[in-house]
Amino acid sequence: MVLSTLQETKDYIALAASLGKEFAKTAVERDAKGGSPTAELNRLRESGLLKLLIPEQYGGFGQTWVTALKVVREIAKADGSLGQLLGYHYVNSVIPELNGTPEQKARFYSETTRNNWFWGDAVNPRDPKLVLTADGKNFRLNGTKNFATGSTGSDIIVVTAARGYVENLPVSIVAKHREAVENLPVAIVPTHREGVVLNDDWDYIGQRQTDSGSVTFNNVLIHRDEILGNPNSTDAPSSFASLVTPAFQSVFVNFYLGIALGAFEEGKQYTLSRSRPWIFSPAHTAAKDPYIIEQYGNLWVSLISTISHVDYVNSVFQSAWEKGEDLTATERGETAVSISTAKVLTTRVALEVTSKIFEVMGTRSTATKYRFDRFWRNVRTHTLHDPVVYKVHEVGDWVLNEQIPPFTIYT
């Protein structure tokens, strides 16, 4: 389905499912290879899905987060790496609306649709090694950021850096104090600007094609209007601006669920076509074995209830987004807690499903040629992004003590 057809039908989720089937054909080979999924990113560009969230007045499709997150889920069913890349793009591409001036919002939205930009980032808050310093009316950026998701295949990188240029504010303050993290300046940097070095050093057991290696900035020129908002402001962001973290967490929730659903479907097809019943089974086929049937039943109960909860939480996030600058701190906090419940649930269910599919497929399914373990490796790798036990704590503190979590880059 090409862009013109998409514009006519506006069936974005069906388009994502169609692309997912295409991506699934090469998922095993690409998981083994690692590196950047260049061809697949080009297909996403061609599809028009990169413009999904951008308002129609700027040339986008003006869709909701509910639709965008379901699109991420569909892509992740076939390939967790591509689901993560697309989800991160959606969040990164709206950061000018969260942190920028109205003029910056209009500029970056319009340029994204006009140029069909793909957005990556270099914002790892536990890696405060970038420093932005004044250079006349503009700035210079120096240092390295690790875990820069989507950087290699991107056109634009969202960057956070320490305030080396702010008068009388030592960089060490920003680096050492957690409360300063949310006040880091955000810059929008063209990926291929002089001095930007994309390091091909992402080699982990899962999410192997997320372009998440490190990026080095060697005296990179940053124009003043490429820093969102007031570059010298140390004010805390508004409740609306701080939705950046719930947005990322919502993406996590949906591509975890997508990976689990993909693993379940591949496990089901393998059981139906290749699995053999155990020698003591009363059934003639694995699909009729009562114990295998029971396990599939239990897995589906976990998945279908998770789907229902995640769909509800997605709508909660959309409601918060629609409030814009009228969003209160309490509403923002309750939205974050709601998303945390889904984060905990999808982490548990995805790890369970991606492991237990081997029990219903059998020993031969562990053959390297199938790489069914990629589902578990993908979930296991990314669910360590921020410890889920702290999400459980946030939920418990809200339920027991009515305490909403403070804004940080992780909550």
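Helices (H or I, at least four residues) and strands (E, at least two) are DSSP runs, numbered from the N terminus. The model is predicted, so local features need pLDDT of at least 70 and side-chain atom pairs pLDDT 80 or more, while totals for chains, interfaces and linings use all residues. Residues are numbered from 1 along each chain as its sequence is written, and side-chain values use heavy atoms, without hydrogens or water.

Helix α9 (residues 244-273) packs with helix α10 (residues 290-323) at an angle of about 155°, and their axes are 11 Å apart. Axes are lines fitted to C-alpha atoms over the stretch in contact, and angles run from 0 to 180 degrees between N-to-C directions. The two helices, α9 and α10, are therefore roughly antiparallel (angles over 145 degrees).

Strand β4 (residues 156-160) is largely enclosed by the rest of the structure, because five of its five residues are buried (under 20% relative accessible area, 1.4 Å probe, protein chains only). Ile156, Val158 and Thr160 point one way from β4, and Ile157 and Val159 point the other way.

Strand β4 is joined to strand β1 (residues 119-122) by four bridges, and the two run parallel. Here Ile157 is the bridge partner of Gly120. Five bridges link β4 to strand β5 (residues 186-190), and these strands run antiparallel; Pro190 in β5 stands opposite Ile156.

Conventions:
Parallel < 35°, antiparallel > 145°, perpendicular 65-115°, else oblique. Buried < 20%, exposed > 50% of the residue type's maximum accessible area, 1.4 Å probe, protein only. Pairing = 2+ DSSP bridges.
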